[in-house]
Amino acid sequence: MKEIVINKLINIIKKYNDIDNTKLLEIKYGLETIYLTIIKTIVFIVLAYFINTLTELLYFILFYGILRLTGFGVHAHKSLHCWISSILIFVLIPILIKYVSIPEYLLYVVTLLTIILFCLYAPADTPKRPLINKKKRIIYKLLTIIIGIIYFITIIMNNNITTINSMFYSLVLESFLVTPIAYKIFGVSYKNYKNYKRKEKK
C-alpha cells in the first residue's frame, strides 16, 4: 500500500516538474516519512483511546515533536524495527506519564543531564539526511538546548503532572536518540555529514 501511494505521488510530481533523480529520491524519502508518520499516529491514537492514555499521548507527541524538529536523532534502519520501537515509545511512555510519579530531585537531575547531552551530541543526523551545513548544525544545537532549558524551567514551575511528565520523558527520549549509543543499537552510522564530506573529496 505504501509503495502504491508513494509512487503515484512521485509520478504526479514528475509530470508537472522537471526534477533530477537525486532530488526525486529526497522527495520520495520525505513522502515515505510523512506517510509512515500519519499511519503510525493513527494507530497509536486508536490504541491510546482504548487504554485511556489519549491525553498523555497527545501531550507527549507535542513536546517530543518540538525537540525532534531541532535535535533530530536516530531513525530505525528497518521498517519492522521502526514499528517495534515506535510502539514501545508511543504506547509505553504515555502509560508512564499517566501512572508513574517521579521524585522531584530525580526530575531535576535527569533533566539537567539531558541538556548536557544536547550540548554534546545534538543535532544528530541520519545517512539519508546528513546535516552538511555547519552553521545550521550550530543553530539546531542552540535551539535544542534552549528548548531543553525552557522545558526544565516549566518542569520546575508547573504543577500539572501530565505536562511535567510529558516534557520529562520527551527530554529523556530525545537526549538518548542523539547519542552514539542509540545509533550503535539501531545499527546506523553516526555523524553522517562527515561521511558525506569524505565522499565529496574522493
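Modeller: Contact here means heavy atoms within 4.5 Å. You're looking at a predicted model, so local features need pLDDT of at least 70 and side-chain atom pairs count only at pLDDT 80 or more, though totals for chains, interfaces and linings use all residues. Residues are numbered from 1 along each chain as its sequence is written, and side-chain values use heavy atoms, with hydrogens and water left out.

Biologist: Okay, Ser166: which residues is it in contact with, leaving aside its neighbours within four places in sequence?

Modeller: Ser166 sits in helix H7, residues 161-177 (helices are DSSP runs of H or I, at least four residues, numbered from the N terminus). Its relative accessibility is 0%, so Ser166 counts as buried (under 20% relative accessible area with a 1.4 Å probe; exposed is over 50%, partly exposed in between). Skipping those neighbours, its partners are Glu56, Tyr59, Phe60, Phe63 and Ile97.

Biologist: How many residues of H7 are buried?

Modeller: H7 reaches 24 Å from its first C-alpha to its last, close to the 24 Å expected at 1.5 Å a residue (1.5 Å times one less than the number of residues). H7 is largely enclosed by the rest of the structure, because of its 17 residues the buried ones number 14.

Biologist: Are H3 and H4 roughly parallel or roughly perpendicular to each other?

Modeller: H3 (residues 54-71) and H4 (residues 79-99) have axes that come within 9 Å and cross at roughly 110 degrees. Glu56, Leu57, Phe60, Ile61 and Tyr64 in H3 meet a set in H4 that includes Ile89, Phe90 and Ile93, and the contact residues divide into 9 nonpolar, no polar and 2 charged. Under 35 degrees counts as roughly parallel, over 145 as roughly antiparallel, 65 to 115 as the class we want, and the rest as oblique. H3 and H4 are therefore roughly perpendicular.

Biologist: What is the phi of Phe72?

Modeller: Most residues other than glycine have a negative phi. Asn52, in the loop between H2 and H3, has a positive phi of about 65 degrees although it is not a glycine. Phe72 lies in the loop between H3 and H4 and is buried, at 15% relative accessible area. Its phi is positive too, about 55 degrees.

Biologist: Which peptide bond is cis, with omega near -10 degrees?

Modeller: Most peptide bonds are trans. Look in the loop between H5 (104-121) and H6 (134-157), where Pro123 lies. The cis bond runs from Ala122 to Pro123.

Biologist: Last one: how far apart in space are Phe118 and Val178, C-alpha to C-alpha?

Modeller: Phe118 lies in H5 and is buried, with a relative accessible area of 0%. Val178 is among the residues that Phe118 touches, as are Leu67 and Ile145. The pair is 60 residues apart in sequence, while the distance in space is 7.6 Å.

Definitions and conventions. Axes are lines fitted to C-alpha atoms, for helices over the stretch in contact, and angles run from 0 to 180 degrees between N-to-C directions. Helices (H or I, at least four residues) and strands (E, at least two) are DSSP runs, numbered from the N terminus. Ala, Val, Leu, Ile, Met, Phe, Trp, Tyr, Cys and Pro count as nonpolar, Asp, Glu, Lys and Arg as charged, and the others, Gly among them, as polar.
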